[in-house]
Amino acid sequence: MLKTKISIISVLTSKIKGLIMNNGIRKIFSEVPKTYELVNHILTFGFDILWRKKAVKIAVRQGGTHWLDVCSGTGETANYLANHANTNTKVYATDFSLPMLTEATKKPNGDRIQFALSDIKQLPFPDDTFDLITISFATRNISANRDALETSFREFHRILKPGGQFINLETGQPQSVIIRRLFHLFVKIFVKPIGSLISGSSAGYTYLSQTIPRFYSTEELASILKTSGFKTVTFKKLLFGIAAIHQSLK
Ligand SMILES: C[S@@+](CC[C@H](N)C(=O)[O-])C[C@H]1O[C@@H](n2cnc3c(N)ncnc32)[C@H](O)[C@@H]1O
């Protein structure tokens, strides 16, 4: 009896913690939509643009009629997807921050994309809907712990058609100790001051600078994708493993 009570309390506590964290993350991103892309381009020396385009090039080989970019933010990746979509392909983009999605609607392909304000934990789509789902530089934000990350990956898996593909572009951990230390040092020294200065959001870039060094290695992420139900998982490391593209099939 006592054991059951304790486990109910601990489930509730972790749900409440999750809600508080979710609201915090939504607030952070709602403060930065105007300068978000500029800061990314400066801090990555423009590599984020190349990596996004590479991920989209791999993703669209999947073909199909329904593509979705989740945690789409200001819609850069969704916009690239729409560049490759033919007239039969519908492109969707979701995010839980209205200011970020509002910025996304202003993209050149904004009128070709269907937007939905939604938390990734409960996406407003039936099972087996999409041929392709993409996520870029947002997986760190949905990985408060391994359980939370698996829950989100399972939700993507649910709405993919059998044989559908999930493309994940995210930072990683370089295998070389020297490169990893230099990468973390760069993040520690530059991300917070430059991001805060340009965006005016100190909280946002403090959070960002903390999530990068703590995130999973490319290999660990591949294993989490497998335990979340994906059948085949492959990956491509980018710039010594500073980032990676994971390709997973349902
Ligand atoms: C770092 S930005 C990435 C945006 C975009 N994908 C890109 O490549 O620039 C993370 C985005 O994920 C969104 N996000 C974070 N947690 C979310 C959640 N639980 N549900 C929906 N969107 C979420 C944030 O609002 C933000 O727009």
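Helices and strands here are DSSP runs numbered from the N terminus, H or I of at least four residues for helices and E of at least two for strands. Residue numbers run from 1 along each chain as its sequence is written. This is a predicted model, where local features need pLDDT of at least 70, side-chain atom pairs count only at pLDDT 80 or more, and totals for chains, interfaces and linings use all residues.

Take helix H7 first, residues 177-199. In H7 there is a kink of about 35° at Phe-190, shortly before the proline Pro-193. From first C-alpha to last, the 23 residues of H7 reach 32 Å, close to the 33 Å expected at 1.5 Å a residue; the expected span is 1.5 Å times one less than the number of residues. After H7 comes Gly-200, with a positive phi near 80°.

Which residues of H7 are buried? They are Phe-183, Val-191 and Gly-195. Buried means 20 or more other C-beta atoms within 10 Å of the residue's own, exposed means 12 or fewer, and partly exposed is in between, with C-beta atoms placed from the backbone. The buried residues of H7 pack against helix H2 (36-43) and helix H8 (202-214).

Now the pairing of H7 with H8. Their axes are 8 Å apart and the packing angle is about 160°, which makes H7 roughly antiparallel to H8. Axes are lines fitted to C-alpha atoms, for helices over the stretch in contact, and angles run from 0 to 180 degrees between N-to-C directions. Under 35 degrees counts as roughly parallel, over 145 as roughly antiparallel, 65 to 115 as roughly perpendicular, and the rest as oblique. H7 passes H8 in a right-handed crossing. The contact includes Val-191 and Gly-195 of H7, and Tyr-205 and Leu-208 of H8. Contact means that the C-beta atoms of two residues, placed from the backbone, lie within 7 Å. As for handedness, a crossing is right-handed if the near helix is turned clockwise from the far one by less than a right angle, and left-handed if anticlockwise.

The second pair is helix H6 (residues 146-159) and helix H9 (residues 218-227). Their axes come within 9 Å and cross at roughly 60°, so H6 is oblique to H9. This crossing, too, is right-handed. Arg-146, Leu-149, Glu-150 and Phe-153 of H6 make the contact with Ile-224, Leu-225 and Thr-227 of H9. Thr-151 also lies in H6, and it counts as partly exposed because it has 15 C-beta neighbours inside 10 Å.

Next, a strand residue. Ile-133 sits in strand S4 (residues 130-136). Is Ile-133 buried or exposed? Ile-133 counts as buried, because it has 29 C-beta neighbours inside 10 Å. Leaving out residues up to four places away in sequence, Ile-133 touches Leu-68, Val-70, Phe-156, Leu-160 and Phe-166.

Last, the loop between strand S6 (232-238) and strand S7 (243-249), where Leu-239 is found. Leu-239 is not a glycine, yet its phi is positive, about 45°. Phe-240 is in the loop between S6 and S7 as well, and has a positive phi of about 60° although it is not a glycine. Leu-239 counts as partly exposed, with 16 C-beta neighbours inside 10 Å; Phe-240, with 15, also counts as partly exposed.

Definitions and conventions. Bend = angle between axes of the 7 residues up to and from the residue.
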